[in-house]
Amino acid sequence: MTGSGRIPDAAARRGGGGVAVFLCVSFGVTWIVWAPLAVEAQQGGLATVPWTFFLGSLGPACGAVAASLWEGGPAELARWVRRAFSVRFPARWWIAAIGMPVVYVVVGYGVAAVVSGSWPDASQFGATEKLPGLAWPLVALVWVLTFGLGEESGWRGWLLPALARRMSVFWATLVVAAVWIGWHAPAFLFNPTYTAMGAGIIGWILALITGSFLLSWMAQGARWSIVPVLILHAGFDLLTAADQSAGVIASTISAIVMAQGLVCAWLLWRDARHSPVRAPMLTP
């Protein structure tokens, strides 16, 4: 799953500061876009979550672009794009990225059918009030291009490999998870999914941490390409953010991902004990 050598350290050539640039731009772009939503929600409430909610998801992608330019200019940006969006990885990661959401659907909807006594309405699959009137293939596309591409370009596409030059992927994953959790902060002021959590925020935090281990394991296995990672991330969002998923379906799918994440955490911890830094050399 890991290669020999290291990711070339552009930060060392440029003089460092890439992580700081990444964090400032990622948080800055997202929080600036989401700030008006938070203010409006606190003043009188939002009737619906507007499209700018999805636009804010592009903050980490902007951070990755800015940090790459900071560390090595256009040449480093081109190297990042070739590596992060490469499709030159083993076929098993395509199978995992597409197959896992299929398994989530079967198990999640099956549990819901057992609990409620009837199979969930297939016509409502993937439908969300955040994207009213869109058929599920279009909803899936929006998730891929926003929270899939927008987040994973930054979290697993740039920040995780950058940190993995300095520490094991296990510890880098925990740092990324902490950043990922903090980045969501404004959403707790306007997004109904978050404002209604209450004590459930503990489960959400645990889900993000374990999910981070699963996604890190995939990114490392796919030679640091984020293609399978963003597909899985978007698939998870499609399934758990759907209106009909509230409750049993979302909880079941989240439980599966948490179990997978724990296994991946153990695998990454095992790797860390043998080699503190395992980020592979990539020269696309």
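Reader: How are α8 and α12 oriented to each other: parallel, antiparallel, perpendicular or oblique?

Author: This is a predicted model. In it, the axes of α8 (residues 169-183) and α12 (residues 248-274) come within 7 Å and cross at roughly 130 degrees. Angles over 145 degrees count as roughly antiparallel and 65 to 115 as roughly perpendicular, with the rest, apart from those under 35, being oblique. The two helices, α8 and α12, are therefore oblique.

Reader: Which residues of α12 meet α8?

Author: By class, the contact of α8 with α12 holds seven nonpolar residues, one polar and no charged ones. On the α8 side the residues are Val169, Phe170, Trp171 and Thr173. Their partners in α12 are Ala265, Leu268, Trp269 and Ala272.

Reader: How is α5 oriented to α10?

Author: The axes of α5 (residues 92-116) and α10 are 10 Å apart, and the packing angle is about 155 degrees. Angles over 145 degrees count as roughly antiparallel. That makes the arrangement of α5 and α10 roughly antiparallel.

Reader: How many charged residues are in the contact of α5 with α10?

Author: From α5 come Trp93, Ala96, Ala97, Met100 and Tyr104, which meet Leu214, Trp217, Met218 and Gly221 of α10. Gly counts as polar. By class, the contact of α5 with α10 has eight nonpolar residues and one polar, and the number of charged residues is none.

Reader: Which element gives the most to the lining of the largest pocket?

Author: The largest pocket holds about 1,000 Å³ of space. Of its 37 lining residues, the closest to the centre are Thr193, Trp204, Phe236, Thr240 and Ser254. Two or more lining residues come from each of α6 (136-152), α9 (192-195), α10 (201-221), α11 (227-240) and α12. The most, seven residues, come from α10.

Reader: How many residues in the lining of the largest pocket are nonpolar?

Author: The lining of the largest pocket includes four charged residues and eleven polar ones. The nonpolar residues in this lining number 22.

How values were computed:
Residues are numbered from 1 along each chain as its sequence is written. This is a predicted model: local features need pLDDT of at least 70, side-chain atom pairs count only at pLDDT 80 or more; totals for chains, interfaces and linings use all residues. Side-chain values use heavy atoms; hydrogens and water are left out. Axes are lines fitted to C-alpha atoms, for helices over the stretch in contact, and angles run from 0 to 180 degrees between N-to-C directions. Helices (H or I, at least four residues) and strands (E, at least two) are DSSP runs, numbered from the N terminus. Contact means heavy atoms within 4.5 Å. On a 1 Å grid over the protein atoms alone, a cavity is a set of points where a 1.4 Å probe fits but cannot get out, and a pocket is an open set with protein on both sides within 12 Å along at least five of seven lines; lining residues have an atom within 4 Å of a point. Grid points are joined across faces, edges and corners, and a volume is the space filled by probe spheres set on the points.
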